[in-house]
Amino acid sequence: MENRSSALREFLPSISVLFAALLLASCQDPGIEGMAVVDNAQVEDPDYTFGFVLPMTGASSFYGQFAKAGIDLAVEDVNKAGGINGKDLTAVYEDTRGDKSQAANAGMKLADVDRVDALFTQLVTGAGVIAPIGEEYRIPTIYHAYVLSFAVNKTYVFQETSDANLLCDDLMRHAIREGNERVAMFGSNAEFTQVCRVAAEKVAPLAAYETYDAGENDYRAQFTKIAASRSTALFIPVFTTECDNVFKQISELDLGLDLYIPFYSLSCGSNQHVVKNRDSIEGAYGSDVDVGEDGKGALFDGFRKRLYDRALDINLRGSALWYDSVVMMARSYEGCDNARCAADNLRSMNFTGVSGEATYGGDQFVDRDVLLAKFREGKWERVDNE
């Protein structure tokens, strides 16, 4: 930082010049070491800034794009309603390109340089590196991922969406009710798949469990082992980047298994992927966060229309969850003058938004309703009562 009081280090020929220099020093930036800190009440508060670490480009850009659609709309609405404590809200985006190191660098920039009032990220790639930054810098932080571990024993870090335990438990129970005595699972070698496995096996043992590593695109060896397990149903917690190859190879090998898809809105979540693989997905069951997208949620219907009016072809459930995350964070700062106050407010908030009801119930993990759905004639339909 430039030191505007450097004149004090020079010889001053007259007392008037000395007085001028001292006056200048009294206006010095309070952040300079050794200078007195000016009372915050005497300085106009800056606008609020929320920082978003998302995959905006690269193989996972689908997730960043639907997140941004919801975020932009939320920031717009918060500001139309008067902002936060009378101040405007600004969003700052950083692109991870799906890379963990890039996400870490972006998080440090937002915390250390931009001095954001809140941090947000998504997927395990982002959550694993952003959560520690949020906690260390004492910045209220929300991550969208189906695992809880990054928020355990934290004060400033909150997990959004829903827990893989609940989603996979419900889906496994339905698979057993449907008469499937032998169930297999295939998914990414990542924490959410492991969590899903533990939840499913609390209901019934898996007949086979196969995973793939990031960047792998040939899964025939894993599917051959699954076929040999004599399973009749297959859990596939996979995401958009692997979707096409997974369903293509399942079809080519003619596995003939009933498909069960946890987090179905993000598994082949883009409309393009769903259309391309609709024959393979037909008849599959899925579980996900319930946001009332089947017409039962008036707020969601209005949100959907606003995005469609903007010609945005994105994952509506994901965008709605992101919209509400921003609004919740904005509300948590109302009446607060520090980050701890906002974190405490968020922890105790009971919220109803476009994605339905959400609360953190006094801890760090969101509580949301979960639905069971079936893919029929090209779309997912609720089947809770089947």
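Colleague: Which residue takes a positive phi in the hairpin of S13 and S14?

Modeller: Happy to look at that with you; bear in mind that this is a predicted model. Strand S13 and strand S14 (residues 379-382) run antiparallel and are joined by four bridges, with Arg376 standing opposite Lys379 in S14. Two residues lie between the strands of this hairpin, and the one with a positive phi near 50° is Glu377.

Colleague: Nice. Is S13 mostly covered or mostly open, and how many of its residues are buried?

Modeller: Buried here means under 20% relative accessible area. By that cut-off S13 is mostly covered, and of its seven residues the number buried is six.

Colleague: Let's turn to charges. Which residue forms a salt bridge with Glu160?

Modeller: The closest N and O atoms of this pair are 2.9 Å apart, and both Glu160 and Arg368 are buried. Glu160 forms its salt bridge with Arg368. The pair links distant parts of the chain, from strand S5 (residues 157-160) to the loop between S12 and S13, and the separation is 208 residues.

Colleague: Why does Asp369 count as exposed?

Modeller: Asp369 is found in the loop between strand S12 (356-359) and strand S13 (370-376). On the surface, Asp369 gathers with Glu357, Asp363 and Asp367 in a patch of negative charge. The cut-off for exposed is over 50%. Asp369 counts as exposed because its relative accessibility is 54%.

Colleague: How far apart are the N and O atoms where Asp114 and Lys109 meet?

Modeller: Neither end falls in the buried class: Asp114 is partly exposed at 27% relative accessibility, and Lys109 is partly exposed at 32%. Their side chains meet in a salt bridge with an N to O distance of 2.6 Å.

Colleague: Which helices does the salt bridge of Lys276 and Asp244 link?

Modeller: The closest N and O atoms of Lys276 and Asp244 are 3.4 Å apart, within the 4 Å cut-off for a salt bridge. Lys276 is exposed, at 61% relative accessibility.

Colleague: Last one: how many salt bridges does the count come to?

Modeller: Some salt bridges share partners, joining Glu76, Lys80 and Arg310 into one network. The count of salt bridges comes to 18.

Notes. Residues are numbered from 1 along each chain as its sequence is written. This is a predicted model: local features need pLDDT of at least 70, side-chain atom pairs count only at pLDDT 80 or more; totals for chains, interfaces and linings use all residues. Side-chain values use heavy atoms; hydrogens and water are left out. Patches are made of residues with over 30% relative accessible area and no salt bridge: like charges are joined within 9 Å, nonpolar side chains (Val, Leu, Ile, Met, Phe, Trp, Tyr) within 5 Å. Accessible areas come from the Shrake-Rupley method with a 1.4 Å probe; for residues, only the protein chains shown count as cover. Lys and Arg count as positive and Asp and Glu as negative; His and the chain ends are not counted. The place of a charge is taken as NZ of Lys, CZ of Arg, CG of Asp or CD of Glu. Buried means under 20% relative accessible area, exposed over 50%, partly exposed in between (1.4 Å probe, protein chains only). Two strands pair if DSSP finds at least two bridges between them.
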